[in-house]
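Subject: Structure for your files

Hello,

Here is the structure I said I would send. My notes on it follow below.

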Amino acid sequence: MNQKNLLEVDWSKIPAPIDDGAAAHLAGKTIPPVSLMATDDTLVTLSALPGRSVVFAYPRTGEPGKISLVDDWDMIPGARGCTPQTCAFRDLFAELKAAGARHVFGLSTQSNEYQTEMASRLHLPFPVLSDEKLALTRALDLPTMAVAGLTMMKRMALIIDDARITHVFYPVFPPDRNAGDVLAWLKQNPV
């Protein structure tokens with residue numbers, strides 16, 4: 001399947017993910033001291049960041065005009081929507097910061113090289129972290145899915161306060177509403 005437009009999606013034709021309980025253990029967990037490469041060429045250790053951080057995770061962003069990873073990508077519950085989710089966080093970035101997020105990060109298992117191109121193309125005001133080696137994914141036992149021989153994170157968002165996960169958004173659907181849901185939560189739960 002050719003991905004002509006990554007942002008215009010009819011969510012009524014995309015299967016929604018179900019809550020499989022794979023993120024139930026995360027609230028209250030302490031973030032381990034794992035350093036991840038960011039698209040701004042820094043190493044980020046989430047456990048070392050003071051204050052409130054928002055981290056939204058997704059399986060894999062696509063490239064306009066490129067072939068999908070697998071033909072039935074859109075029919076895998078929770079797979080489609082990484083670019084709309086990312087763009088929604090981009091568009092609400094200033095409001096998220098104003099609502100108390102000291103840091104906002106995207107997170108996936110894609111390579112830093114790929115993510116850097118994507119961050120530039122989408123004009124992201126925040127870094128995206130690469131967990132290509134699955135270090136954070138394994139340390140926190142994050143929900144994953146396997147597609148085409150690759151291990152990818154399932155879509156979620158984490159609110160982290162001083163290295164402790166305060167709130168988990170999982171499952172996330174539709175993806176383009178995740179940033180708005182996070183913003184509403186931040187406003188209702190000030191630091």
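A residue is called buried here when its relative accessible area is under 20%. The model is a predicted one, and the values in this message are computed from it.

Helix α1

By that cut-off, C82, T83, P84, Q85, T86, C87, A88 and F89 are buried in α1. The helix runs over residues 82–91 and has ten residues, eight of them buried, so it is largely enclosed by the rest of the structure. Several elements cover its buried residues, among them the strands β3 (52–57), β4 and β8 (156–161). The helices α2, α3 and α5 (178–188) are also included in that cover.

The cysteines in α1

Two of the buried residues of α1 are the cysteines C82 and C87. C82 has a relative accessibility of 2% and therefore counts as buried. How far is the sulfur of C82 from the closest cysteine sulfur? The distance is 11 Å, to the sulfur in C87, which is too far for a bond. A disulfide would need the two sulfur atoms within 2.5 Å. C87 likewise takes part in no disulfide, its nearest cysteine sulfur being that of C82. The relative accessible area of C87 is 5%, so this residue is buried. The count of disulfides for the structure is zero.

Aromatic residues

The structure has five aromatic pairs. In one of them, F93 and F126, the ring centres are 6.0 Å apart and the planes meet at 40°, so the pair counts as tilted. F93 belongs to helix α2 (residues 93–98), while F126 sits in the loop between α3 and β5 (128–130). The two are 33 residues apart, and the pair thus links distant parts of the chain. Both F93 and F126 are buried. These two residues also belong to an aromatic cluster, together with F56, Y58 and F89. F89 is in turn one of the buried residues of α1.

Q110

Which loop holds Q110? Q110 lies in the loop that joins β4 (103–108) to α3 (112–121). With a relative accessibility of 4%, this glutamine counts as buried because the cut-off is 20%. Its side chain reaches the backbone nitrogen of T61 at 3.0 Å. Neighbours within four places in sequence aside, Q110 is in contact with Y58, R60, T61, Q115, S130 and E132. Of these, Y58 is a member of the aromatic cluster described above.

Regards

Methods: Residues are numbered from 1 along each chain as its sequence is written. This is a predicted model: local features need pLDDT of at least 70, side-chain atom pairs count only at pLDDT 80 or more; totals for chains, interfaces and linings use all residues. Side-chain values use heavy atoms; hydrogens and water are left out. Helices (H or I, at least four residues) and strands (E, at least two) are DSSP runs, numbered from the N terminus. Buried means under 20% relative accessible area, exposed over 50%, partly exposed in between (1.4 Å probe, protein chains only). A polar contact is a pair of N or O atoms within 3.5 Å; within protein, one must be able to donate a hydrogen and the other to accept it, and residues adjacent in sequence count only if both atoms are side-chain atoms. Contact means heavy atoms within 4.5 Å. Rings of Phe, Tyr and Trp (its six-membered ring) pair if their centres lie within 6.5 Å; planes under 30 degrees apart count as stacked, over 60 as edge-to-face and the rest as tilted.
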